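Work through the exercises below with the sequence and the coordinates at hand. Each task is followed by a solution in steps.

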Amino acid sequence: MKERIQYMDTLRGLAVLLMVQQHLQSWLWEVKWISYSFTWPKYPIMLSLHFTGWFAAPLFLILAGAGAAIMHESGTPYSVYIKRGLLIVTCGYLLNFITPNWFDPGSWYVLHTIGFSIIIAPFLNRMGNRHLFVLTILIIIIPVFLQTYLKTSLMPGNDDMNNIYLSGGIFRLIFAEGHFPIFPWLGFFVIGIISRRLVKLHRYNILLFISIILTGTGIFLGSLYNHGYFFATGGKLFRLFVPLQYFYPPLPAFIFFIMGISLLFFYLVSKNYKLFQMNFFAPLNALGRTSLTWFMIHVFIYNQVFWILGFYKIFSANEVIFITLFSITAMLYLSLKWEKHDFLYSLEWFIRKFASIKT
């Protein structure tokens, strides 16, 4: 069996931790947010933890792109990309059905975008890094035009992001207005392909440079809006500059920023991969190998089941922190034990079995 690429597991495990703590805070904490400016002075620790969760989905997509590049390196046939992609999309629709508190059957979430991206990965893998970088920028900017045409709300809720009955139907959600539409989130997958290529060639400085450029671009675009320039605040393409500090809808200023910071994580962990081979990080790496399984499990339990039991948004900040620490500890422990059995019957095991992928 081919030796695993350790830093990929480490980053997946980190992404799971960031995701779980943000989700549990969003679903269990009794505080109803009015705005960051109102909530931050009262709950700086909770909000700081929430902010770190911004980087979970970006890391998952970047790692999926890096994984597709690794598949290309090993000469993986196109049929395997299709099988793997379709299985992950299927997991996405399964999640829609088992969590009706959050999703509708036609909802388009991050798993759907990852699956779609893997299916088209062979075409992306044929492109050079410069072309892929330009494509990334275009994919991030395209939503400005789509959302302007569709008159997408700057504060959409679940009802908006799950609504397949507007003009355009489900394709409107897939490409522009879903929870994680292809535009701009495919861009993270594409930059992941570039990142893996650079790491393989030990071009870490270029990866760091790209991270700085993307982060700086996001800050610069947002600063134009904050300085009140008319083209940035009242022009037809003002969405290009609005520094909204959340994903819904995903606008370029924020997307560039979180992409840059996410690449910084990728840079730091991949460059110092030997550090994360220490036994201390074994539970984190095992967690990363079961990221999809824990993704599905924690959403079902803490979103759907807790909602049914009446535990939705009823806990204090301290109680949420305790539940989160207990849950994460349990996931790390169980992942490490599960590893001894080759993660038998996990979703990763099924994907490996039915898509002929060695993980």
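This is a predicted model: local features need pLDDT of at least 70, side-chain atom pairs count only at pLDDT 80 or more; totals for chains, interfaces and linings use all residues.

**Exercise 1.** Describe the length and the bend of helix H7 (residues 129-150).

Solution. 
1. H7 has 22 residues, and its first and last C-alpha atoms are 32 Å apart.
2. That span is close to the 32 Å expected at 1.5 Å a residue.
3. After H7 comes Lys151, with a positive phi near 55 degrees.

**Exercise 2.** Which residues of H7 are buried, and which helices do they pack against?

Solution. 
1. The buried residues are Leu132, Thr136, Ile139, Ile140, Pro143, Val144, Gln147 and Leu150.
2. An α-helix has 3.6 residues a turn, so residues three or four places apart point the same way.
3. The packing partners of these buried residues are H6 (110-125), H9 (169-177), H10 (182-200) and H13 (252-271).

**Exercise 3.** Which residues are linked with Glu73 in a network of salt bridges?

Solution. 
1. The structure holds 6 salt bridges. In one of them, Glu73 pairs with Arg196, with the closest N and O atoms 2.9 Å apart.
2. This pair joins helix H4 (residues 56-73), which holds Glu73, to helix H10, which holds Arg196, across 123 residues.
3. Glu73 also meets Lys200 in a salt bridge, at 3.9 Å from N to O. Because Lys200 lies in H10 and Glu73 in H4, this pair ties together parts 127 residues apart in sequence.
4. The network therefore consists of Glu73, Arg196 and Lys200.
5. As for accessibility, Arg196 is buried at 9%, while Glu73 at 31% is partly exposed and Lys200 at 46% is partly exposed.

**Exercise 4.** Are Arg172 and Glu177 buried or exposed?

Solution. 
1. Buried means under 20% relative accessible area.
2. Arg172 has 13%, so Arg172 is buried. Glu177 has 10%, so Glu177 is buried.
3. The two form a salt bridge, with their closest N and O atoms 2.6 Å apart.

Note on methods. Residues are numbered from 1 along each chain as its sequence is written. Side-chain values use heavy atoms; hydrogens and water are left out. Helices (H or I, at least four residues) and strands (E, at least two) are DSSP runs, numbered from the N terminus. The expected span of a helix is 1.5 Å times one less than its number of residues. The bend at a residue is the angle between axes fitted to the seven residues ending there and the seven starting there. Buried means under 20% relative accessible area, exposed over 50%, partly exposed in between (1.4 Å probe, protein chains only). Contact means heavy atoms within 4.5 Å. A salt bridge is a side-chain nitrogen of Lys or Arg within 4 Å of a carboxyl oxygen of Asp or Glu.
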